Amino acid sequence: MNEEVNSKNMQVLVVDDEPSIREGSKRILDRMGFGVFKAANGEEGLNIIVSQDISIVLLDLKMPGIDGMEVLQRIKEIDKKILVIVITGFATLETAIEAMKRGAYDFIPKPFEPDQLRIVVNRARETIRLQMETEKLERERQRTLMDLGMEKSRIRTIIESLPNGLLVTNPKGQVVLMNPAFKNLFGISSGTPVNKPVNSYIPDEELCRLVMDISKGRYIDYGDIPTYEFSLGPDKYLLARSQPVLGERNECLGAVVTFEDITAMKVLDRLKTEFLAKVTHELRSPLSTIHEQITQVIKDTAAEESEKDQYILSRAKEKTQGLISLIGDLLDISRIESGSAQIEPMSIRLEDLLKSIVDFMKAKADSKQQSLSLILPDEKLPEFKTDPMALESIFGNLITNAINYTQEGGKITIRMEKAMGTVRVNVIDNGYGIEAKYLDKIFDKFYRVKNDRTRYITGTGLGLSIVRGLVESLGGSITVDSTPGMGSTFTVILPIASSS
Ligand code: ADP
């Protein structure tokens with residue numbers, strides 16, 4: 001039995017004008033574990049009821065002073081929950097029935113045996129116990145309902161005040177919730193009802209298709225669903241992120257989609273690209289001239305200048321060469337980003353192209369005593385149309401990185417494999433590796449991982465950004481897998497178009 005509904009401390013009041021009944025009942029009730037109060041008449045009894053916590057009253061109906069029936073009524077007025085057992089002589093059975101009608105719990109005829117009293121009082125005690133238990137359960141239920149209600153309204157308030165747009169659908173792809181930020185982004189008036197299919201609210205067909213598919217559970221075990229960028233008119237760019245909402249048994253309950261306004265970021269990005277393109281374009285020819293002139297001076301004065309001057313000049317030449325390649329990278333980037341990178345498709349045999357790139361890079365690997373090997377599949381790949389310049393840049397950059405970020409004596413392997421309609425090329429090194437937290441950043445422009453091993457390796461942080469831009473322009477994809485201290489594997493997947 002629960003602590004709170006313990007009936008041990010229940011108190012019983014015996015109201016009877018006969019002292020023998022009062023004393024006899026008290027003895028029995030004491031033994032049953034009750035706290036017992038006694039009153040010789042109705043008035044005394046009512047006083048005790050007001051001042052004490054009484055649960056059960058044994059009430060004689062026939063007493064001098066206030067009539068028992070009246071006392072019953074007053075008790076009920078004071079506290080309806082008190083159970084009143086009336087004590088009555090056989091002759092007044094009808095009165096007893098009348099008392100029951102007026103709210104008495106039970107009656108006990110006079111004279112009674114101790115057992116009779118025990119049975120009736122025990123039943124009353126059980127009734128009170130059950131009542132207390134029911135009340136407690138009801139209180140708990142109310143508390144849970146209140147908690148739920150509060151939780152619900154708190155979540156609703158949070159959703160309503162989210163700065164990003166939020167849309168939730170059901171498994172049929174109908175919208176069940178949209179927050180004010182979403183309506184704001186899409187120019188939907190605040191009173192617009194929900195429950196229509198998602199394409200009634202979002203004008204982008206491809207995104208609607210994706211949300212529909214997610215809602216219907218087609219992306220349950222998909223991992224990360226790619227973000228989706230789209231524009232709403234010429235001046236508004238949005239980024240949508242979607243996820244299925246899963247129930248307890250992993251069933252799909254719909255989709256949740258968030259929308260972020262990325263217009264400012266887009267404009268900034270475009271301005272940055274335009275600015276870079278302009279500046280680099282302006283710098284390229286004077287720098288090339290300086291480079292050529294230094295080269296000439298070094299040649300012309302090789303015999304006369306001191307060793308120190310020669311050293312200074314060759315450092316200057318190296319630096320201008322570094323700047324020229326940085327400018328080359330920047331121009332490549334701006335061409336890729338503005339979409340003006342010309343893909344010049346030619347029929348090529350990828351094995352041959354990789355062989356020539358690897359041959360070309362051999363000297364660089366040798367200078368660090370690294371092994372550089374190429375593994376080709378037994379079966380020859382058909383010739384296919386692609387842009388060889390882009391491929392040279394892609395694999396040139398990846399192999400250069402593998403050499404740069406691998407210790408002397410390391411091992412670099414290029415492995416080509418044919419897959420369904422595609423070709424996969426892995427550039428594998430056993431070098432420094434990259435911490436997981438940087439893996440998605442290294443493809444960003446100018447991003448370089450700075451640690452004790454890479455600090456002194458020169459670079460622009462543009463190589464991988466160019467590589468990814470070029471791979472994507474060829475319709476392929478690039479991924480990286482790396483373990484710090486063990487090495488990295490960059491994987492390029494390219495579609496094999498027919499060579500016709
Ligand atoms: P850069 O090499 O000019 O710094 P990249 O864009 O080519 O620029 O590479 C970005 C960063 O990624 C590098 O600075 C380096 O920290 C890391 N990285 C690239 N390739 C590798 C590799 N094979 N092993 C370890 N780290 C690499």
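Colleague: Is Arg 424 buried, partly exposed or exposed?
Modeller: This is a predicted model, and in it Arg 424 has a relative accessibility of 30%. Buried means under 20% and exposed means over 50%. The value for Arg 424 falls in between, so Arg 424 counts as partly exposed.

Colleague: What kind of peptide bond joins Lys 110 and Pro 111?
Modeller: Pro 111 lies in the loop between β5 (106-110) and α5 (114-161). Most peptide bonds are trans. For the bond between Lys 110 and Pro 111, omega is about -5°, and this bond is cis.

Colleague: About how many helical turns separate Lys 26 and Asp 30?
Modeller: The side chains of Lys 26 and Asp 30 meet in a salt bridge, at 3.1 Å from N to O. Lys 26 is partly exposed at 23%, and Asp 30 is partly exposed at 37%. Both residues lie in helix α1 (residues 19-31), and because they are four residues apart, their separation is about one helical turn.

Colleague: Which helix holds both Arg 74 and Glu 70?
Modeller: These two side chains also form a salt bridge, with 3.5 Å from N to O. Arg 74 has a relative accessibility of 34% and Glu 70 has 38%. They are four residues apart, about one turn, in helix α3 (residues 68-78).

Colleague: What is the distance from an oxygen atom of the ligand to an N or O atom in the side chain of Arg 448?
Modeller: Arg 448 is listed among the closest of the 18 residues that surround the ligand, a list that also includes Asn 401 and Tyr 405. Nitrogen atoms of the ligand also come up: one is 2.9 Å from an N or O atom in the side chain of Asp 429, and one is 3.4 Å from such an atom in Ser 488. For the ligand oxygen and Arg 448, the distance is 2.4 Å.

Colleague: What percentage of the ligand's area does the protein bury?
Modeller: The shell around the ligand has nine nonpolar, seven polar and two charged residues. Elements that give two or more residues to this shell are α11 (388-404), α12 (463-473) and β17 (487-495). Taken alone, the ligand exposes 530 Å², and the share of this that the protein buries is 96%.

Colleague: Is Gln 369 buried or exposed?
Modeller: Gln 369 sits in the loop between α10 (350-366) and β12 (371-375). Most residues other than glycine have a negative phi, but Gln 369 has a positive phi of about 50°. Its relative accessible area is 51%, and the cut-off is over 50%, so Gln 369 is exposed.

Colleague: Which residues make the nonpolar surface patch of about 270 Å²?
Modeller: One of them is in helix α8 (residues 263-300), namely Val 279. At 32% relative accessibility, Val 279 counts as partly exposed. The patch is made by Phe 275, Val 279 and Leu 283.

How values were computed
Residues numbered from 1 in each chain as written. Predicted model: local features only at pLDDT ≥ 70, side-chain atom pairs only at ≥ 80, totals over all residues. Heavy atoms only, no water. Patch = residues over 30% accessible without salt bridge, like charges linked within 9 Å, V, L, I, M, F, W, Y side chains within 5 Å. Areas by Shrake-Rupley, 256 points an atom, 1.4 Å probe, with all protein chains shown as cover. Salt bridge = Lys/Arg side-chain N within 4 Å of Asp/Glu carboxyl O. Buried < 20%, exposed > 50% of the residue type's maximum accessible area, 1.4 Å probe, protein only. Near = heavy atom within 4 Å. Polar contact = N/O pair within 3.5 Å; in protein donor to acceptor, adjacent residues only side chain to side chain. Nonpolar A, V, L, I, M, F, W, Y, C, P; charged D, E, K, R; others polar.
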